[in-house]
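Please open the structure in your viewer and keep the selection panel at hand. The tour below goes from one selection to the next and says what is there.

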Amino acid sequence: MNMALRPLRVAIVGTGPAGIYAADALMKSGVEVAIDLFERMPAPFGLLRYGVAPDHPRIKAIVASLHKILDKPQIRLLGNVDVGVDITVEELRGFYDAVVFASGANADRVLGIPGIELEGSYGAADFVSWYDGHPDVPRTWPLAAKQVAVLGVGNVALDVARILAKSADELLPTEIPPNVYDGLRVNRAVEVHVFGRRGPAYAKFTPLELRELDHSPNIEVIVDPGDLVYDEQARALRQNSKSVQLICNTLEQWASRTPGDRPCKLFLHFFQDPVEILDDGNGRVAGLRTERTLPGAAGDATSVDSRVDWRVQAVYRAIGYRSAPIVGLPFDGRAGVIPSEAGRVIADAEADEPGVRYLPATYVTGWIKRGPIGLIGHTKSDASETIASLLADAGGFAPPADPEPRAIVDFLERRGVPFTTWPGWYLLDAYERDLGAHEGRERIKVVEREVMVAVSRSFDETSDRRVSIEP
Ligand code: NAP
């Protein structure tokens, strides 16, 4: 095929906001493109579907704008395809001029403290996957603990604490699947303790998400005024940031009021560094030990003051996400990213040779590029940078072995991969809305992968599906 006569063929791996914004940036560049978006899950939208809390419809509404992008004729969706497993990176390259990885981060960072392996010690990402109806996690979640600790003071920590502290009925109008509602109905948590290892000026959560805790009729937020202390550096931070100011003001307001009688007490603690999860003697969580810290010179709370033991039966670490490596690509295990420069993947970051070598026509964007920080909007500027690099390099791309649009589809069919498509998502979307409509809810999520795939692929095998996957 003559490259001049065909569009630039690009594969994007990952259909979260990062991947979809990259597709958008490519389409808006003015270059004629044909994009295949690969997704491990049978449904698109990444963390919007499997990371955003169900009681955050405002954020979930971003799906509507991503929908418009995926509706464009230059894009095909190939879902339920695990790149690195169902198709190797090398095989993928054979069909495209360039490949962009936007596979995100959805595992928990490791916390190396004694007791982390105990029963009742969980990663926040796993719990989020459960309450967001991810197909690849168990359908039940143990919620017998009356006192619970949440480690970290980022937005994920607040999500986890809020879901643990709300009543199941408050969450019923959302899209939570039946198994999650049933699980939350027997949740026994009456105390949720959230721990920041530094002072309030260094909290990572955002003011809106903080204030939201107080909106639930089930949650009594409690803050110890003794935790709201600021050294010179923290005061400067507060002065220079509207967001820090709002957070500190809210916490001070809560610390000064007399606690009411809402059923679940949610304590926000600061200057408490988790150092050990305590064993009940039978391998189960019986408590959390923290060290009281003092603000250090660089804003790090390093000086040890005293130790405190907290009686809890479950500990959730919400200390950040971690990306998974992709077989066939380099990975910086320490930073948890694919090493890159301006979105170009660096072939061998460890090599002694002078100069940087890039993997040909291979790019990254989103959390796999810069680590799991930043809000959804930040992935837009990230995508612009990566796509600018891709387009600058495009003149030098070696032609792929088989750029025919049909070739990748034939390959997946030959390999027996039951891929899903964009028209298939319309079917699943309608199916979930229909499930919801029967109960007066907007949507009820389908959890089982087999059902998601069956519904997505349920149109006429001989006609529609073949037609619908053509660009
Ligand atoms: P995060 O914002 O990086 O917060 C991680 C928290 O864990 C920090 O408080 C950090 O404290 C703490 N931490 C890290 N290592 C620790 C350790 N060894 N011991 C104790 N605490 C430790 O990460 P995240 O909450 O996972 O959020 C990821 C991104 O997604 C963020 O950009 C977040 O805003 C976004 N997000 C947004 C929403 C929303 O908008 N509603 C919801 C969820 C997630 P230090 O600061 O001291 O390191």
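**Stop one: the ligand**

Select the ligand together with Asn155, where an N or O atom in the side chain lies 2.9 Å from an oxygen atom of the ligand, a polar contact being a pair of N or O atoms within 3.5 Å. Before going on, note that this is a predicted model, in which local features need pLDDT of at least 70 and side-chain atom pairs count only at pLDDT 80 or more, while totals for chains, interfaces and linings use all residues. Residues are numbered from 1 along each chain as its sequence is written, and side-chain values use heavy atoms, with hydrogens and water left out.

Now widen the selection to the 24 residues around the ligand, of which Asn155, Arg197, Arg198, Lys204 and Gly374 come nearest; a residue belongs here if one of its heavy atoms lies within 4 Å of the ligand. By class, this shell has 12 nonpolar, 6 polar and 6 charged residues, with Gly counted among the polar ones. Helix α7 (residues 155-165) gives the most to the shell, with 3 residues; helices here are DSSP runs of H or I with at least four residues, and strands are E runs of at least two.

**Stop two: helix α9**

Select residues 178-185, helix α9, in which Val180, Tyr181, Gly183 and Leu184 are buried, meaning under 20% relative accessible area, whereas exposed means over 50%. Seen down the axis of α9, these buried residues fall within an arc of 160°, so they line one face of the helix; the arc is that of the directions from the helix axis to the C-beta atoms. They pack against α6 (124-131), α7 and α8 (168-171), with contact meaning heavy atoms within 4.5 Å. Turn to the face directed away from the buried side, and you find the exposed residues Pro178 and Arg185.

**Stop three: Leu213**

Move to Leu213, in the loop between α10 (207-212) and β9 (219-223), which counts as buried at 0% relative accessibility. Leaving aside neighbours within four places in sequence, its contacts include Leu158, Trp254 and Leu266.

Technical notes. A polar contact is a pair of N or O atoms within 3.5 Å; within protein, one must be able to donate a hydrogen and the other to accept it, and residues adjacent in sequence count only if both atoms are side-chain atoms. Buried means under 20% relative accessible area, exposed over 50%, partly exposed in between (1.4 Å probe, protein chains only).
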